[in-house]
Amino acid sequence: MHIHRYEKYWLMFGGGIIIAFIVALFVNAFAMGMTPPSDLQRVDPKKVEQTAPFDKPGLKQVGPNEYEAVMVSFAFGYNPNQIEVPVGSKVTFISTSKDVVHGFQIPGTNVNMMVVPGHVNKVTHTFDKPGEYLILCNEYCGAAHHMMMAKVIVK
């Protein structure tokens, strides 16, 4: 079978692009630690407030400089809407929604997950720099979507 010289170049170019994307995927996943949030646990969205750990949302210390932040997303807010942690803290955010699909993103970090009713998502981030970090909803969830936010204060 004869393949024209220019077709060979295009095939090599296309193959090179695919290899570059696969390498970029592995570098992001393993060298930079960017992994998708988990979705291994489910809850009844109508019973979120009666189901542990979402019956007591908030920040809990689970080890030296290690915390779990249980957060419930609802129409135009998060519960709790502010948490404080010391610098260098490793925080695992555990989140679900009790009404519609929401976003959970902390700009400038690897925290970015879709919060779907009935699904429990987890993502972990270490806050190495002091400051105020906004938690924003990045999924349109209704008329006051732009006001849906919370804070992580790192001291």
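This report describes the fold, surface and selected residues of a predicted protein model.

## Basis of the model

Residues are numbered from 1 along each chain as its sequence is written, and side-chain values use heavy atoms, with hydrogens and water left out. Because the model is predicted, local features need pLDDT of at least 70 and side-chain atom pairs count only at pLDDT 80 or more, while totals for chains, interfaces and linings use all residues.

## Domains and overall dimensions

The protein chain has two parts in its domain division: domain 1 covers 1-34 and domain 2 covers 48-154. These bounds come from an automatic or database domain assignment. Taken over C-alpha atoms, the centres of domain 1 and domain 2 are 37 Å apart.

Along the principal axes, the C-alpha atoms occupy a box of roughly 70 × 35 × 30 Å.

## Secondary structure and contacts

The protein chain contains 1 helix and 11 strands. Read from the N terminus, the order of elements is α-β-β-β-β-β-β-β-β-β-β-β. Helices (H or I, at least four residues) and strands (E, at least two) are DSSP runs, numbered from the N terminus.

Contact means heavy atoms within 4.5 Å. Of the contacts between residues at least 6 apart in sequence, 58% join residues at least 24 apart.

## Surface and charge

The accessible surface of the protein chain is about 9,600 Å², and carbon and sulfur atoms account for 61% of that area. Areas come from the Shrake-Rupley method with a 1.4 Å probe; for residues, only the protein chains shown count as cover. Buried residues make up 33% of the 155 in the protein chain. Here buried means under 20% relative accessible area, exposed means over 50%, and partly exposed lies in between (1.4 Å probe, protein chains only).

There are 13 positive and 12 negative side chains in the protein chain, and the centres of the two sets are 4 Å apart. Lys and Arg count as positive and Asp and Glu as negative, whereas His and the chain ends are not counted. Each charge is placed at NZ of Lys, CZ of Arg, CG of Asp or CD of Glu.

## Backbone exceptions

Most residues other than glycine have a negative phi, and most peptide bonds are trans. The bond joining Ala-52 and Pro-53 is cis, with omega about 0°. Pro-53 sits in the loop between β1 (38-42) and β2 (58-63). A cis peptide bond also runs from Asn-79 to Pro-80, where omega is near 0°. Pro-80 belongs to the loop between β4 (77-79) and β5 (82-85).

Asn-65, in the loop between β2 and β3 (66-74), has a positive phi near 60°. Its relative accessible area is 31%, so Asn-65 is partly exposed. Phe-76, in the loop between β3 and β4, has a positive phi near 70°. Phe-76 is partly exposed too, at 34% relative accessibility.

## Residues in the helix

Helix α1 (residues 5-31) includes Ile-19, which is exposed with a relative accessible area of 55%. Ile-19 and Asp-128 are 109 residues apart along the chain, and their C-alpha atoms are 34 Å apart. Ala-24 also lies in helix α1 and is partly exposed, at 35% relative accessible area. Between the C-alpha atoms of Ala-24 and Lys-129, which are 105 residues apart along the chain, the separation is 27 Å.

## Residues in the strands

Val-120 is part of strand β9 (residues 119-127). With 2% relative accessibility, Val-120 is buried. Val-120 and Leu-40 are 80 residues apart along the chain, with 7.0 Å between their C-alpha atoms.

Glu-132 is part of strand β10 (residues 131-136) and is exposed, with a relative accessible area of 56%. Leaving out residues up to four places away in sequence, Glu-132 touches Lys-151, Val-152 and Ile-153. Glu-132 and Ile-83 are 49 residues apart in sequence, and the distance from C-alpha to C-alpha is 10.0 Å.
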